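This report looks at charged side-chain pairs and at one helix residue with its contacts. Please keep the sequence and the 3D view at hand.

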Amino acid sequence: MNQEQWTVVDKYITDLFIPPDPVLDATIQSTIDANMPLINVAPNQGKLLHVLALMKGARKILEIGTLAGYSTIWLARALPVDGKLITLEADAKHAAVARDNIARAGLTDKVEVRLGAALDTLPQLEAEGQALFDLVFIDADKVNTTEYFEWALKFTRRGSLIITDNVVRKGAVIDANSTDVNVQGVRRFNAALAAEPRVTATVIQTVGSKGYDGLAIALVNSNF
Ligand code: SAM
């Protein structure tokens, strides 16, 4: 198995399950046009987020790490008419591109893109009483993933889902001596997740057009 095979199989899956979608396609194109990194979730991963949000019946979603709004659109499309999604983004250009894409998707009424480092904007959300959220998707810088998870626990309730991307890092996650801060960041997060009594959680390895990585899924099982 190699990247080429993962990519063609991802294309096979996408061709079957994800019909051409002008809004999502334009979102990817905007990422390229703006010279932003193509580090959005793959189409089938976006649909997985959508399915999980539908399964949860999510009415309120928090996303940490917006980029151009690709995963945001997948998640927001699962919301009911009066649903709300807040997405946090540190980079002003990314936030501006995402706002345009969210407008094109007709989701401006449901989605708020909040600009700023998440460790600054999360306390703002708390002060404003924005919680509770039914689903939190963590997909920003990996160094602070554990802190984002702690905020997610504060902002959720029994039955909420907390999903975290990029927690395997091409397998480098098993290297306790790694000097890569992203690897150390996700190692710290995985350990905290595994030790957290308030969630039932697991990590699955993922391969596909975006390479080899992993996704953590946690169900909040206790009110606190
Ligand atoms: N979730 C997006 C998707 O799948 O379409 C991809 C998000 S991308 C992997 C990570 C994003 O997090 C980037 O846009 C980056 O600018 C943003 N980011 C990085 N550090 C951040 C921070 N401290 N606070 C908020 N956003 C941050």
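How many salt bridges does the count come to? The count comes to 11 salt bridges, a salt bridge being a side-chain nitrogen of Lys or Arg within 4 Å of a carboxyl oxygen of Asp or Glu. Side chains of opposite charge can pair when their charged atoms come close.

This is a predicted model, in which local features need pLDDT of at least 70 and side-chain atom pairs count only at pLDDT 80 or more, while totals for chains, interfaces and linings use all residues. Residues are numbered from 1 along each chain as its sequence is written, and side-chain values use heavy atoms, with hydrogens and water left out.

| Salt bridge | Distance (N to O) |
|---|---|
| Aspartate 82 and arginine 59 | 2.7 Å |
| Lysine 84 and glutamate 112 | 3.5 Å |
| Glutamate 112 and arginine 114 | 2.8 Å |

Take aspartate 82 and arginine 59, whose side chains meet in a salt bridge. Aspartate 82 sits in the loop between helix H4 (70–76) and strand S2 (84–89), and arginine 59 in the loop between helix H3 (43–56) and strand S1 (60–64), so the pair ties together parts 23 residues apart in sequence. Helices (H or I, at least four residues) and strands (E, at least two) are DSSP runs, numbered from the N terminus. Aspartate 82 is exposed, at 56% relative accessible area. Arginine 59 is partly exposed, at 44%. Here buried means under 20% relative accessible area, exposed over 50%, and partly exposed in between (1.4 Å probe, protein chains only).

Next comes the salt bridge between lysine 84 and glutamate 112. Lysine 84 belongs to strand S2 and glutamate 112 to strand S3 (residues 111–115), so this pair ties together parts 28 residues apart in sequence. Lysine 84 is partly exposed, with a relative accessible area of 29%. Glutamate 112 is also partly exposed, at 22%.

Glutamate 112 also pairs with arginine 114. Arginine 114 is buried, at 11% relative accessible area. Through shared partners, salt bridges join Lys84, Glu112, Arg114 and Glu128 into one network.

Now the helix residue. Valine 23 lies in helix H2 (residues 22–33). Is valine 23 buried or exposed? Valine 23 is buried, with a relative accessible area of 16%. Beyond its neighbours within four places in sequence, valine 23 is in contact with Ile73, Arg77, Arg104 and Ala105; contact means heavy atoms within 4.5 Å. Valine 23 and arginine 104 are 81 residues apart in sequence, yet 6.7 Å apart in space, C-alpha to C-alpha.
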